[in-house]
Amino acid sequence: MEQIMVVEDEASIRGFIVLSLKHAGFDVLQAETGEEALEILEEKPMIQIILLDVMLPGINGFDVAKQVRAWNKSIGIILLTAKIQEADKVQGLDLGADDYITKPFSPAEMIARVKAVLRRLNDPVSQVQNEYITSSPFKLSKKNEQFFKDDQLIELTPTEFLLIETLMEHEDSLLSRDELLEHVWGTHFGDAKIVDVNIRRLRQKIEEDPSDPQYICTHWGRGYFWHGGSK
């Protein structure tokens, strides 16, 4: 049974989320503050996903996400926010969150988002047909979910890994933001900005000059494509 932690300071909202997740068959832990959440994570390292409210007393959700991602690249992080400003969404994704849900939201939407992240975390090795994708100077191992540049390991989150895997599998083929959103996040929730933010994060990790990318290229107004060599 997948284990999920809900971090929300408002008891009524936390209770609604916990109950919905339990009805969906998940093992649910809960925390009221960021500090409590970090303590639970130290004691329960098998937690797979955190549903994390942004506006928390003490350590806010952004700081919690940053600390969690610094020591655990594989845990799923979904931010819960009442804010609708674009900058807040981008900030959370830049810190390594996998997704965000804007309040108010329905139980069905929340469960769908959780299951989509779990699919990325639990992609079975048995489905791997070709273990490696190579595109000089890069090598991607599907089996071990590792990505190398010049034989140096580059740390990626599960979402970043699936995104770059998708691009490399379709080398020199243009993929729209909607196509990437559908393939990587599991379904289209109407906001393709999450694709742009993750592309930018990947460029910062793999490109010599992220402002002039040589590998993850943009076709303005249409989408992105992987170019296996210098332009």
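Biologist: In which helix is the place of leucine 21?

Modeller: Please bear in mind from the start that this is a predicted model. Leucine 21 belongs to helix α1, which covers residues 11–23.

Biologist: Is leucine 21 buried or exposed?

Modeller: The idea is to ask how much of a residue's area remains accessible, and under 20% relative accessible area counts as buried. Leucine 21 has a relative accessible area of 0%, so it is buried.

Biologist: Which residues does leucine 21 touch, leaving aside those up to four places away in sequence?

Modeller: Its contacts are Ile4, Val6, Phe26, Val28, Leu51, Met110, Ile111 and Val114. Consider Val114 in particular: leucine 21 and valine 114 are 93 residues apart in sequence, yet their C-alpha atoms are 9.3 Å apart in space.

Biologist: Which residues line the largest cavity?

Modeller: The lining is made by Val54, Phe62, Leu79, Thr81, Asp88, Lys89 and Tyr100.

Biologist: Where is the place of threonine 81, and why does it count as buried?

Modeller: Threonine 81 is in strand β4. Its relative accessibility is 7%, and therefore it counts as buried. Apart from residues up to four places away in sequence, threonine 81 touches Val54, Ile101, Thr102 and Lys103.

Biologist: A pocket is open, whereas the probe cannot get out of a cavity. What volume does the second largest pocket have?

Modeller: Its volume is about 310 Å³. The second largest pocket is lined by 20 residues, and Lys73, Ser74, Ile75, Glu145 and Pro158 lie nearest its centre. At least two lining residues come from each of β8, β9 and α6 (158–169). This lining divides into 11 nonpolar, 6 polar and 3 charged residues.

Biologist: Now for the rings. How many aromatic pairs does a search of the whole structure find?

Modeller: The search finds 5 aromatic pairs. One of them joins phenylalanine 138 and tryptophan 226; this pair is edge-to-face, with 5.3 Å centre to centre and 70 degrees between the planes. Phenylalanine 138 lies in strand β7 (residues 138–141) and tryptophan 226 in strand β11 (residues 223–226), so the pair ties together parts that are 88 residues apart in sequence. Both of these residues, phenylalanine 138 and tryptophan 226, are buried.

Biologist: How does the pair of tyrosine 215 and tryptophan 226 lie, stacked or edge-to-face?

Modeller: To decide, one looks at the angle: planes under 30 degrees apart count as stacked, and those over 60 as edge-to-face. Tyrosine 215 and tryptophan 226 are stacked, at 5.9 Å centre to centre and 25 degrees between the planes. Because tyrosine 215 lies in the loop between α8 (193–206) and β10 (216–219) and tryptophan 226 in strand β11, this pair ties together parts 11 residues apart in sequence. Tyrosine 215 is also buried. Phe138, Phe147, Tyr215 and Trp226 together form one aromatic cluster.

Biologist: Which residue lies over the face of tyrosine 132?

Modeller: Lysine 139 does, at 4.3 Å from the ring centre.

Biologist: Finally, the backbone. Which residues are joined by a cis peptide bond?

Modeller: As a general rule, most residues other than glycine have a negative phi, and most peptide bonds are trans. Here, a cis bond joins lysine 103 to proline 104, with omega about -5 degrees. Proline 104 is in the loop between β5 (99–102) and α5 (107–121). Another cis bond joins serine 136 to proline 137, with omega about 10 degrees. Proline 137 is in the loop between β6 (132–135) and β7.

Biologist: What phi does aspartate 151 have?

Modeller: Aspartate 151 has a positive phi of about 65 degrees, although it is not a glycine. Aspartate 151 lies in the loop between β8 and β9, and at 67% relative accessibility it counts as exposed. Aspartate 150, found in the loop between β8 (146–149) and β9 (152–154), has a positive phi of about 50 degrees.

Conventions: Residues are numbered from 1 along each chain as its sequence is written. This is a predicted model: local features need pLDDT of at least 70, side-chain atom pairs count only at pLDDT 80 or more; totals for chains, interfaces and linings use all residues. Side-chain values use heavy atoms; hydrogens and water are left out. On a 1 Å grid over the protein atoms alone, a cavity is a set of points where a 1.4 Å probe fits but cannot get out, and a pocket is an open set with protein on both sides within 12 Å along at least five of seven lines; lining residues have an atom within 4 Å of a point. Rings of Phe, Tyr and Trp (its six-membered ring) pair if their centres lie within 6.5 Å; planes under 30 degrees apart count as stacked, over 60 as edge-to-face and the rest as tilted. Helices (H or I, at least four residues) and strands (E, at least two) are DSSP runs, numbered from the N terminus. Buried means under 20% relative accessible area, exposed over 50%, partly exposed in between (1.4 Å probe, protein chains only). A charge sits over a ring if NZ of Lys or CZ of Arg is within 6 Å of the ring centre and within 35 degrees of the ring normal. Contact means heavy atoms within 4.5 Å. Grid points are joined across faces, edges and corners, and a volume is the space filled by probe spheres set on the points. Ala, Val, Leu, Ile, Met, Phe, Trp, Tyr, Cys and Pro count as nonpolar, Asp, Glu, Lys and Arg as charged, and the others, Gly among them, as polar.
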